[in-house]
Every structure is written in C-alpha cells, then in structure tokens.
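Student: Hey, I've just been handed a protein model and would like a walk through it. Can we go through it together?

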Amino acid sequence: MLPEFRNDRNLENFYNMMDNFFNDKKTTFNIDVKENDDNYTVFAELPGLKKENIELDFKNDILKIKVNNNVVNEEKNENYIRKEINNYNMTRSIRLINVDNGNIEASYEDGILKINLAKSKESKTTKIEIK
C-alpha cells in the first residue's frame, strides 16, 4: 500500500515543477491558485478566447481546464509571409482536496477565467482524543 501524499505541499510543488519543465509555454497557459479556510480560487490566463472554447470538469479531486481554439481560416490561396495563428488544444489539471462538488462556480471576463471551489464542510480536520 502506497502512502497518502494528499496534503504534502512539497509533492505538489514537485509535480508543478515537472509540469513546467515538460510543458513549453506555447502549449500551456498560466494559472494562479489561492486557498483560504473556506475555498480555493483558480485564475487562468486565457486571452482572446470565447467561453464556448473553454471546458471545465472536476472529478476525483482533479480540476481539469481544457481549451480548444479552432481558428477558421477560409482564405485558401493567400500568400502568408508569416502565419502564427493556429488551432490549438491545451489542458491543465490541478489537484484540489476537500472540494464540495455541488458548490463550484466559474466566470470568464477580459481573458481571465476565475473558478471558485468551496471546500467541503465535513472534510475539516478534527482532533481525536486518544484514550
């Protein structure tokens, strides 16, 4: 049986470091994660997208943010000197424990995706007296 590392910040930092090392900045997007006693707040930097191109799901303590940007280019015979606007898909996954699955809200404004995830009330730490 493997040990539980659910609350180990060092392990989480290691995974983030590995994620940053192996993901080229052109194939991922920046995120910030804040935590307080009652909730997590995740901010994702996604400029130039429509909210219809962003997909969110939360399952097994993992928040997955998926972006599908399908640029429609109907110009078939244009001679581009430089073409950098392309279709792309990006995904980020973040492990967040003790989340109340029924109390997650998201908004998207000015290129910033904001996700509020309330913590589950029954998952709070309780001191246990040893008899």
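This is a predicted model: local features need pLDDT of at least 70, side-chain atom pairs count only at pLDDT 80 or more; totals for chains, interfaces and linings use all residues.

Tutor: Let's start with the overall layout and then pick out single residues.

Student: How much accessible surface does the protein chain have?

Tutor: About 10,900 Å², and 47% of that belongs to carbon and sulfur atoms. The areas come from the Shrake-Rupley method with a 1.4 Å probe, and for residues only the protein chains shown count as cover.

Student: Now the inside. Which residues have the most contacts in the largest nonpolar core?

Tutor: Those are V42, L46, L63, I65, L96 and L117, in a core of 19 residues. A nonpolar core is a set of buried Ala, Val, Leu, Ile, Met, Phe, Trp, Tyr and Cys residues joined through side-chain atoms within 4.5 Å.

Student: Which elements give two or more residues to this core?

Tutor: They are β2 (39-45), β3 (54-59), β4 (62-69), β5 (88-95) and β7 (112-119).

Student: Can you zoom in on L63? What does it touch?

Tutor: Leaving out residues up to four places away in sequence, L63 touches V42, D57, F58, R92, S93, I94, L96, I115 and L117.

Student: And V33, where is that one?

Tutor: V33 is in strand β1 (residues 31-35). With a relative accessible area of 40%, V33 is partly exposed. Beyond four places in sequence, V33 touches T41, V42, I94 and L96.

Student: What about L56, which residues is it in contact with?

Tutor: L56 sits in strand β3 and, neighbours within four places aside, is in contact with K64, I65, A106, L113 and I115. L56 is partly exposed, at a relative accessible area of 33%. Its C-alpha atom is 10.0 Å from that of S93, which is 37 residues away along the chain.

Student: Switching to loops: where is D61, and is it buried or exposed?

Tutor: D61 lies in the loop between β3 and β4. With a relative accessible area of 17%, D61 is buried. D61 also has a positive phi of about 70 degrees although it is not a glycine.

Student: Where else does a positive phi turn up?

Tutor: D110 has a phi near 55 degrees, again positive in a residue other than glycine. D110 is found in the loop between β6 (99-109) and β7, and at a relative accessible area of 74% D110 is exposed.

Student: And what is N53 doing in its loop?

Tutor: N53 is in the loop between β2 and β3. A polar atom of the N53 side chain lies 2.9 Å from the backbone oxygen of N68. Apart from neighbours within four places in sequence, N53 is in contact with K66, V67, N68 and N69.

Student: Last topic, rings. How many aromatic pairs are there?

Tutor: A search of the whole structure finds zero. To pair, rings of Phe, Tyr and Trp (its six-membered ring) need centres within 6.5 Å; planes under 30 degrees apart count as stacked, over 60 as edge-to-face and the rest as tilted.

Student: Then what lies over the face of Y40?

Tutor: K119 does, at 4.9 Å from the ring centre. A charge sits over a ring if NZ of Lys or CZ of Arg is within 6 Å of the ring centre and within 35 degrees of the ring normal.

Methods: Residues are numbered from 1 along each chain as its sequence is written. Side-chain values use heavy atoms; hydrogens and water are left out. Buried means under 20% relative accessible area, exposed over 50%, partly exposed in between (1.4 Å probe, protein chains only). Helices (H or I, at least four residues) and strands (E, at least two) are DSSP runs, numbered from the N terminus. Contact means heavy atoms within 4.5 Å. A polar contact is a pair of N or O atoms within 3.5 Å; within protein, one must be able to donate a hydrogen and the other to accept it, and residues adjacent in sequence count only if both atoms are side-chain atoms.
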